[in-house]
Amino acid sequence: MAPKYDELAVTVMRLNSDAPIERGYHLMHFPGRWKDPLRRLAATRRGGDFVTIPIRELNAAITALVPDCVVTLEYAGRGDDDQEWLLAHRDVNPAAIFNIVAAWVRSQKAAPDQIAQTLSQLRASDLVWSTVEINLAAPDEIRRAMRLLPMDIAAALSRPEAHCEYNNLRFLRCPTDTGAELISWPPERIEDQTPFSVMIGITAQTLPTSGEVLIYTSYGVRRWVPVRPMLSLSNAHSVYIAPTVPYLSDAGNSRHFGIVKIRASRIKGDDGEMTYPPRWDDNLAEVLRQLGCLDRLPDPQQLIDKPLDYLQRTGDAAALVFRTGMLGSERVSPGLSLTDREPLVEWVASELKPHLELVAPLPREKTVVYKGLSGISDGAISPEYLGKVVGPRLTIELLTDLDNATSYALERLSTRLGVPLPEAKDLGETETLIELGPVTVGLRKLSRPTIVADLDRSRTQNKQSAIEQRVDHIAGALGDVAHPTVTLVEIAPAEAYKNAKRGSDPKWAIRHGLVRTGRLSQFVNPVTTPKKPGRMRPDGTTSDANRERFAAAVDELFRHLGIRPAPLPAPLSGTLARQPALLAVWMIRKNKTRLWGLARQVPVAVLVDPTGQHIQVTAPGIGWQPLHEGLVEIGKRYINEMLQCGPEDVVRFVKETIGEATAAYPDTLLLTHAQNLRSVWDQLGNNRIRLDTIAFGAAEVMPISKFPGLRHVRVRGSDGGETPECYGVNEDGSGQPKGLWRFLRSRTFGSTSGKPSTHSGALMGVSKLIPMEYKDKQTAPRPKAQVWNPQFVELFVAGLQDGDQAEHWAALAHDLRDAAPYVRDTTALPWPLHLANKIEEYLLPNRITVVGETAGPETDEEGAS
């Protein structure tokens, strides 16, 4: 029997009011008189009437070269006043700061005379430090504390005398976009060419409706490349540099890493042969070049040829970050097991006493609203229900290669439709009609190798042209459909489109071409020959990976159609009086890229009726429609439209959507996602959200009771370290429990899931760092051991009606993480938000789901996990 855990430990620390952190800092302002010349330089570089100074690049250079400085100014350019810019423990020589500023200006892409003119208007004497006393626990110092606390903690944990007794780990600071980060050095396991470092992330966070600053820590690994890798031509790779002597002698030195980007260049020799030598390639490298320090970096070719040599250096070490695709196989798995995390958490807490203290474990919230939701909803779909959702006609097309793939798909379709189906050999281009009473289902096998073929990337044709050509070809080959149609597309795996072949991947063109003709689509990897026998199930049958993959892909077809095989259960007695409708709002964002020259910012909303079996979707300019119709309409309308909905447009859309939902149903649960939506609906931010109100702008705040039956739960995930890491604790030890937990403030809860089936091999009782005793046997450290740790999903019950209990609505949102009917495991988002998020598949090329895909995207950087 699995152990029970009624408490959840979280990696959260609170400031100790009995031992406040009060210390002096040095403050430097960004000179107001610099803004006008820098604005003019930015306008020349960017074109147009550009008013914002690209200070992020300058800040990144300062953070990398002078790690004792914390940047507090993220945007500059508006106004002409001095603005608070840098905070530091010591008064770093202003001349060093000015030298970095001057080098950054010289690195801009502008005419030499304009750069010279800009520099002539900047003076080193404009940079002055002043001393300031800061109480980091004071309510009016929240903004500064959010920046300073992670720096202070990182400095404390990377002191030369500080070390973690667990494998004698010592840490160096390294730059990061948010909070602070520590990397253990020297690396682990160099001797067997599986090098990695332990990584500790530190962020300062707040909770909704609270001004208290909390510290969250996270624990993972940074994996290093030990042998010659394959570099990407389209994406830069991170290299961590640990200088023994500072790049700028007047800036001082401290224990830290800098990060520089490296990439493969393309050079054509005199003989016509192409070579791909590595080169330093980012803004920091250019700043170092202007400072005359670029030769302090390793020779790029030597670093790529012999990366292990640089990893073993005691001084001026360099480490190339590993990511998927650089080597033939992974030598170290991502993440740290619970066995390794617990002692690290305890060490961090002991080092930071008495100023910070770990919070007490969270108690379990035992309320359940929808019982028995977990797992795939198997069985046949009622013909009456199918006809009610899609109408009297449905066509299912199988764009599969071999008969065995078609057979696997037909097997699952037979289960879902509840009737025997023809064999693969009997299907052809003409539809085979299956009469199911209220609905007729047509099946046909398509033979269109030109649809799934690699894109034609000749030298005279760029990728966008190749995509448009394929879209036109699909439209001509298949024609428009007159009724709901879904297409299963068998497609080569991600490994087939690595490196030089990345531009040949046809999936986005296929999705776009099919939706133009009115078709919804799902991709699946081909049938493969298993390398080992399938696992034995409890019922005595043997698993078949191909069968399971095609079954999942067929189920996804029904997800696109908006089919839920079984209704949601009734709420348990003593919880909710009635089943509510479920409303989710999601923001789809697409930046302009070379791949697809349009930017989009489109809000969408999904509305699920109380039974869960009637799903509608809407977007700006598109009224409520059944999901399958709405996906086609959204895909057609916004794929080629430059739509940038601003905050006012989004808030107006949200207000109208909420009004329509509450008018249709007596009870409605609104689900929003903090990181996804707050940038355009800023009332979702921790410092703005208010209990039991709905705000559509600062001037339009109203009680939630103005919308009869409306409740609101805001979801927040782990992006940016905004939720803590966690593990269950009891008298016998620790584990990874599933459950709902009461967090640190009223109405705030945490949701955790059980270990997913995709990580069934992940073990808690193994270590990457030290020998362990596991199952009465001594085992060596296992760098390749599969690791899984639960994500802590924050649920904030923001809006209730009179008489409601917050735990009921938090439990409902938690239960809905198990409500996706075609997913075996708990989803990261409650089901309606999961559905809304999936709409991105029809607008974003990098969001297409391929069932069976295991390779991560080539552009993913290694992170904590």
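## Two cis prolines

Pro186 sits in the loop that runs between β8 (180-184) and β9 (196-205). In this predicted model, the peptide bond leading from Trp185 into Pro186 is cis, with omega near 10°.

You'll find Pro354 in the loop between α9 (338-352) and β17 (356-358).

Now for a backbone angle. Most residues other than glycine have a negative phi. Asn167 is not a glycine, yet its phi is positive, at about 65°. Its place is the loop between α5 (142-157) and β7 (171-174).

Arg782 is 12 residues away from Ile770 along the chain, and the C-alpha atoms of the two are separated by 8.6 Å.

## Helix α3 and its two partners

Two packed helices are described by the angle between their axes and the distance between the axes. Start with α3 (residues 94-106) and α6 (residues 283-291): they pack at about 110°, and their axes are 8 Å apart. With that angle, α3 and α6 are therefore roughly perpendicular to each other, and their crossing is right-handed. On the α3 side the contact uses Asn99, Ile100, Ala103, Trp104 and Arg106, while α6 brings Val287, Gln290 and Leu291. Sorted by class, that gives 5 nonpolar, 2 polar and 1 charged residues.

The other partner is α4 (residues 112-120), which packs with α3 at an angle of about 155°, the axes being 9 Å apart. That makes the α3 and α4 pair roughly antiparallel. Here, too, the crossing is right-handed. Which residues of α3 meet α4? They are Ala102, Val105 and Arg106, and they face Ile115, Thr118 and Leu119 of α4. This contact has 4 nonpolar, 1 polar and 1 charged residues. Notice Arg106: it is part of the contact with α6 and also of the one with α4.

## Helices α11 and α15

From α11 come Ala405, Tyr408, Ala409, Glu411, Arg412, Leu413, Arg416 and Leu417. They meet Asn546, Arg547, Phe550, Ala551, Val554, Asp555 and Phe558 of α15. By class, the α11 and α15 contact divides into 9 nonpolar, 1 polar and 5 charged residues.

## Cavities

How many cavities of 30 Å³ or more does the model hold? The count comes to 7. The largest cavity has about 50 Å³ of space.

Its lining is made up of Thr194, Pro195, Arg223, Trp224, Pro226, Phe322, Leu327, Glu330, Arg331 and Val332. Of these lining residues, 6 are nonpolar, 1 is polar and 3 are charged.

Key. Residues are numbered from 1 along each chain as its sequence is written. This is a predicted model: local features need pLDDT of at least 70, side-chain atom pairs count only at pLDDT 80 or more; totals for chains, interfaces and linings use all residues. Side-chain values use heavy atoms; hydrogens and water are left out. Axes are lines fitted to C-alpha atoms, for helices over the stretch in contact, and angles run from 0 to 180 degrees between N-to-C directions. Helices (H or I, at least four residues) and strands (E, at least two) are DSSP runs, numbered from the N terminus. Angles under 35 degrees count as roughly parallel, over 145 as roughly antiparallel, 65 to 115 as roughly perpendicular and the rest as oblique. A crossing is left-handed if the near helix is turned anticlockwise from the far one by less than a right angle, and right-handed if clockwise. Contact means heavy atoms within 4.5 Å. Ala, Val, Leu, Ile, Met, Phe, Trp, Tyr, Cys and Pro count as nonpolar, Asp, Glu, Lys and Arg as charged, and the others, Gly among them, as polar. On a 1 Å grid over the protein atoms alone, a cavity is a set of points where a 1.4 Å probe fits but cannot get out, and a pocket is an open set with protein on both sides within 12 Å along at least five of seven lines; lining residues have an atom within 4 Å of a point. Grid points are joined across faces, edges and corners, and a volume is the space filled by probe spheres set on the points.
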